[in-house]
Amino acid sequence: MTMMAPLIINAIYKPRKLYKQNKLKTIQNLKAEVELRILACVHNPRQATGMINMLEAYHTTKLSPLRVFALQLVELSGHTASLLASHINKYNQQQSGGQALTKPQEDLESITNIFKTFAAINEHSNVEIIAAVSSYSTIHEDIYNVSQEKQANLIFLPFHKQSNIEGILETANTVFQEINRNVMRDAPCTVGIFVDRGLASLFKVNLRVVMVFIGGPDDREALAVAWRMSKHQGVQLSVVRILMFGEAAEVDVMSQVESHGLLSVVVDSEKQKELDDEYVSAFRLKAVSNEDSIKYSEKEVRCREDIPEVLNQIDQIGYDLYIVGEGAGRNCLILSELMKWTDCPELGVVGDILASNSFGSSSSLLIIQQYGFGGMAFENTNITHHPKEHDSGTVFGEL
């Protein structure tokens with residue numbers, strides 16, 4: 001038995017092959033004619049409205065439809081054992097005090113109306129509304145489960161800050177940031193954090209989108225997301241590639257040399273550059289050359305101070321939406337140093353600069369982390385990964 005058991009298990013279970021297949025499930029590798037499946041997570045109706053305005057930018061056809069799974073995240077508190085059922089008018093709950101929690105029910109009804117209106121207007125879009133009621137410490141695992149069950153290609157998460165009347169981002173709930181980081185740790189697909197500064201509806205105005213490309217798997221995935229958006233006739237896309245020279249081109253060796261070795265870091269850095277050049281070249285050949293609504297330009301950066309200056313030059317043009325990669329795989333020394341000063345590391349260096357109130361941008365942002373290759377490790381001092389709390393329970397309601 002000792003000899004035969006490992007052989008039988010290895011013959012049946014092939015985790016490496018499965019992982020390799022899953023790593024190909026990125027937007028970059030998704031064929032244009034395949035249905036795009038997005039899990040849009042929201043906590044309240046305001047976030048749902050922002051998500052809808054961004055989802056409008058995805059070009060849909062009969063051959064390339066859009067399926068959206070709208071997941072409302074509700075905190076399970078007190079002795080509530082069941083909060084939401086499959087229909088709003090059959091709202092079921094159990095609470096020792098007997099008091100009805102009407103706020104989550106009202107939010108779900110509003111969110112349902114928002115997404116159903118979107119589905120009614122968009123002929124080739126399907127929407128399914130789901131509610132997940134769980135402890136905030138474990139709700140990221142419920143997002144994993146729904147994402148895997150629905151075979152989502154992309155998870156959209158709302159930023160933990162929201163814009164006030166003056167356009168300044170203010171913290172809505174610090175726990176939302178905690179949830180986002182937990183999701184980004186081990187998400188089963190690509191993840192996008194949406195920083196909403198009042199993105200207007202595409203049915204009312206043309207959407208001006210800019211994708212800032214520095215390099216690495218997250219940036220290639222972000223370009224793939226922007227490329228897919230550019231197929232919509234109402235989207236005007238500009239891609240700005242930032243080229244590193246001199247001091248800015250120095251490779252960050254010390255941060256990874258202990259775990260990967262000096263040679264491995266250098267080789268990986270060169271490989272990433274080759275992949276970047278190959279993908280950008282394909283984009284310029286297939287998209288820029290054939291579409292008047294797509295523009296491509298390059299900016300040079302030679303030192304740390306050049307990065308905010310270049311971003312400021314881009315922002316002066318005036319865009320509705322930035323799409324940027326979180327930043328893994330760049331192996332750039334100055335970006336690694338700037339990362340230490342970020343307030344929101346889940347946004348990456350570029351995203352953190354653009355989202356800061358001191359930068360002064362009025363544009364919304366979409367930060368992309370590619371599944372399998374992208375992403376970064378967060379400091380354990382900031383966020384703790386919680387084990388599954390089976391006693392708290394999770395309630396799912398589908399409409």
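Is Q369 buried or exposed? Q369 counts as buried, because its relative accessibility is 5% and buried means under 20%. The model behind this briefing is predicted. Its protein chain has twelve helices and 13 strands. Of the 399 residues in the chain, 50% are buried.

**The chain as a whole**

- The protein chain exposes about 19,500 Å². Carbon and sulfur atoms supply 50% of that area.

**Q369 in strand 12**

- Q369 lies in strand 12, which covers residues 364-369.
- The side chain of Q369 reaches the backbone oxygen of M184. The distance is 3.0 Å.

- Strand 1 covers residues 36-42. Seven of its seven residues are buried.
- L36, I38, A40 and V42 point one way from the strand. R37, L39 and C41 point the other way. Both sets are buried.
- Strand 1 pairs with strand 2, residues 66-75, in the parallel sense. Seven bridges join the two.
- In that pairing, V42 stands opposite Q72 of strand 2.
- Strand 1 also runs parallel to strand 4, residues 154-158. Three bridges join strand 1 to strand 4.
- L39 has I155 of strand 4 as its bridge partner.

**Helix 3**

- Helix 3 spans residues 45-55 and is mostly covered. Nine of its eleven residues are buried.
- The buried residues of helix 3 include P45, Q47, A48 and G50. Further along, M51, I52, N53, M54 and L55 are buried too.
- N44 makes a polar contact at the start of helix 3. A side-chain oxygen of N44 reaches to within 3.3 Å of the backbone nitrogen of R46.
- Strand 1, helix 3 and strand 2 together make a β-α-β unit. The unit is right-handed.

**Aromatic pairs**

- The count comes to five aromatic pairs.
- One of them joins Y58 and F156, with ring centres 6.4 Å apart. The planes meet at 40°, so the pair is tilted.
- Y58 lies in the loop between helix 3 and strand 2, and F156 lies in strand 4. The pair therefore ties together parts that are 98 residues apart in sequence.
- Y58 and F156 are both buried.
- W227, Y279 and F283 form one aromatic cluster.

**L237 in strand 9**

- L237 is found in strand 9, residues 235-244.
- L237 is buried, because its relative accessible area is 1% and the cut-off for buried is under 20%.
- Leaving out residues up to four places away in sequence, L237 touches V209, M211, A226, W227, S230, F283, S293, I294 and K295.
- L237 and V288 are 51 residues apart in sequence. In space they are 9.6 Å apart, C-alpha to C-alpha.

Terms used: Residues numbered from 1 in each chain as written. Predicted model: local features only at pLDDT ≥ 70, side-chain atom pairs only at ≥ 80, totals over all residues. Heavy atoms only, no water. Helix = DSSP H or I, 4+ residues; strand = E, 2+ residues; numbered from the N terminus. Buried < 20%, exposed > 50% of the residue type's maximum accessible area, 1.4 Å probe, protein only. Contact = heavy atoms within 4.5 Å. Polar contact = N/O pair within 3.5 Å; in protein donor to acceptor, adjacent residues only side chain to side chain. Pairing = 2+ DSSP bridges. Right-handed = clockwise from strand over helix to strand, strands pointing away. Areas by Shrake-Rupley, 256 points an atom, 1.4 Å probe, with all protein chains shown as cover. Phe/Tyr/Trp six-rings, centres within 6.5 Å; stacked < 30°, edge-to-face > 60°.
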